[in-house]
There are 2 protein chains.
Amino acid sequence: MKTSERILQTSLQLFNEHGAPRITTNHIADEMNISPGNLYYHFRNKDEIIYQLFLSYEKKISDALQVPQSRDLNMEDMWLYLHLVFESIWEYRFLYRDLENIVSRSRKLRLRFKRILERKIKTAVAIFEGLVQTKVIQATSEEIQALATNVAVVATYWINFHNIRGDDRNSNDNNLGLGVYQVMALVSPFLREDMRKLLQKLSHDYLD
Amino acid sequence: MKTSERILQTSLQLFNEHGAPRITTNHIADEMNISPGNLYYHFRNKDEIIYQLFLSYEKKISDALQVPQSRDLNMEDMWLYLHLVFESIWEYRFLYRDLENIVSRSRKLRLRFKRILERKIKTAVAIFEGLVQTKVIQATSEEIQALATNVAVVATYWINFHNIRGDDRNSNDNNLGLGVYQVMALVSPFLREDMRKLLQKLSHDYLD
């Protein structure tokens with residue numbers, strides 16, 4: 001693996017584990033057993049590393065935000081969407097844990113992050129509209145708009161919320177399952193009765 | 001007004017406007033036209049000011065988190081609860097904007113904040129259970145638990161979410177109305193049909 005890639009991988013791991021504010025470029029160089037000068041040869045500073053990691057995250061979540069175009073949608077499309085979104089967030093969770101700080105340090109990153117949020121909402125709207133057409137859910141377009149926004153809020157902040165409620169601040173317990181469950185709970189009341197029962201069963205299986 | 005109270009009021013205003021990380025004790029002393037020494041006579045450091053402001057916030061939101069005990073609940077109880085919660089959050093919004101950072105700097109504050117979150121959920125559960133009894137909403141206890149948790153997530157992070165979506169990072173536009181609307185949208189599908197229509201009307205009036 002190239003040194004620049006190893007720097008990114010090591011940084012991602014350290015940021016996720018300890019939070020980006022607590023990690024310096026010296027920590028990263030130490031962990032890799034390279035000199036700070038070698039690290040600076042590849043990246044000007046920590047913000048540059050964070051920005052490159054953000055771009056990888058953006059690429060990953062973009063794949064999750066594709067709406068299937070040419071076929072009828074079913075509940076599994078929504079499930080897959082949520083699962084992929086949460087998985088991307090989890091892989092790059094340091095971005096979310098320290099979001100305010102990170103977006104306040106780079107206007108470029110802030111604008112791109114905003115665009116991802118808008119796409120999250122737009123994709124959720126498209127999926128819900130598809131599910132209305134196949135009669136899996138029943139909702140007005142106003143309800144769909146509010147629902148998709150709430151899906152984005154819960155997906156975006158679930159890790160932070162869960163961390164604050166937990167006792168161990170640096171907990172790296174994977175709480176993806178609970179996050180997906182909470183978002184499905186947003187959708188559940190709009191489901192057709194039989195789908196709602198199916199969802200309750202699927203949710204329990206998923207959490208176990 | 002006593003100097004210590006003036007320091008707290010000035011700090012709250014500056015923190016809300018610019019974010020706590022950007023404001024130093026020197027900024028606060030300058031704004032009040034007092035010497036840094038005078039400020040330090042009252043507060044050891046910025047974290048001490050933040051902690052005192054947090055205690056005022058805690059007192060304020062505690063009043064919002066009382067469940068009416070001895071009478072039937074109606075939709076207005078829920079509305080009042082949400083309105084008061086959002087109002088408290090808005091008044092001390094700097095805490096929420098920079099939550100991860102603030103709770104990571106003080107274990108005391110972190111534990112108290114966690115307790116507020118738990119009370120937010122507990123109060124929401126109590127209100128929803130009351131509304132099930134008066135047949136305003138229809139939901140199982142599992143649905144109520146997930147719903148109350150989502151209410152707490154959206155209420156806690158609405159300001160951050162809205163700020164990131166907005167173009168102006170330091171926007172101080174009051175978006176309480178939209179936040180309350182989004183939370184009501186979580187509850188709406190559980191409402192009895194006629195209540196759901198009433199809510200849609202109330203929501204529009206509230207947003208206008």
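## Stop one: two crossing helices

Start by selecting helix 9 (residues 141-165) of chain A and helix 10 (residues 176-187) of chain B: their axes come within 9 Å and cross at roughly 100°. Helices here are DSSP runs of H or I with at least four residues, strands are runs of E with at least two, and both are numbered from the N terminus. The axes are lines fitted to C-alpha atoms, for helices over the stretch in contact, and angles run from 0 to 180 degrees between N-to-C directions. Helix 9 of chain A and helix 10 of chain B are therefore roughly perpendicular to each other (65 to 115 degrees; under 35 is roughly parallel, over 145 roughly antiparallel, and the rest oblique).

Before moving on, a word on what you're looking at: this is a predicted model, where local features need pLDDT of at least 70 and side-chain atom pairs count only at pLDDT 80 or more, while totals for chains, interfaces and linings use all residues. Residues are numbered from 1 along each chain as its sequence is written, and chains are lettered from A and ligands numbered from 1 in the order in which they are written.

Which residues meet where helix 9 of chain A and helix 10 of chain B come together? Show A:Ala146, A:Leu147, A:Thr149 and A:Asn150 on one side, and B:Gln182, B:Ala185 and B:Leu186 on the other. Contact means C-beta atoms, placed from the backbone, within 7 Å.

## Stop two: where the chains touch

Now widen the selection: 28 residues of chain B are in contact with 29 residues of chain A. On the chain B side, helix 9 gives the most, with 13 residues. That side divides into 15 nonpolar, seven polar and six charged residues.

Next, pick B:Leu147. Leaving out residues up to four places away in sequence, B:Leu147 touches A:Ala185, B:Phe128, B:Ala139, B:Leu186, B:Val187 and B:Phe190.

## Stop three: chain A by itself

Chain A has 11 helices and zero strands, and its C-alpha atoms fill a box of roughly 60 × 35 × 30 Å along the principal axes.

Seven residues from domain 1 and eight from domain 2 make the contact.

Go to A:Ile49, in helix 4 (residues 46-64) of chain A. Is A:Ile49 buried or exposed? With 24 C-beta neighbours inside 10 Å, A:Ile49 counts as buried (20 or more other C-beta atoms within 10 Å; 12 or fewer is exposed, in between is partly exposed, with C-beta atoms placed from the backbone). Beyond its neighbours within four places in sequence, A:Ile49 is in contact with A:Ile7, A:Leu8, A:Ser11 and A:Phe43.

Finish at A:Ala29, in helix 2 (residues 25-32) of chain A. A:Ala29 is partly exposed, with 18 other C-beta atoms within 10 Å. Draw a line from A:Ala29 to A:Leu39: they are 10 residues apart along the chain, with 6.5 Å between their C-alpha atoms.

How values were computed: Two residues are in contact if their C-beta atoms, placed from the backbone, lie within 7 Å. Ala, Val, Leu, Ile, Met, Phe, Trp, Tyr, Cys and Pro count as nonpolar, Asp, Glu, Lys and Arg as charged, and the others, Gly among them, as polar.
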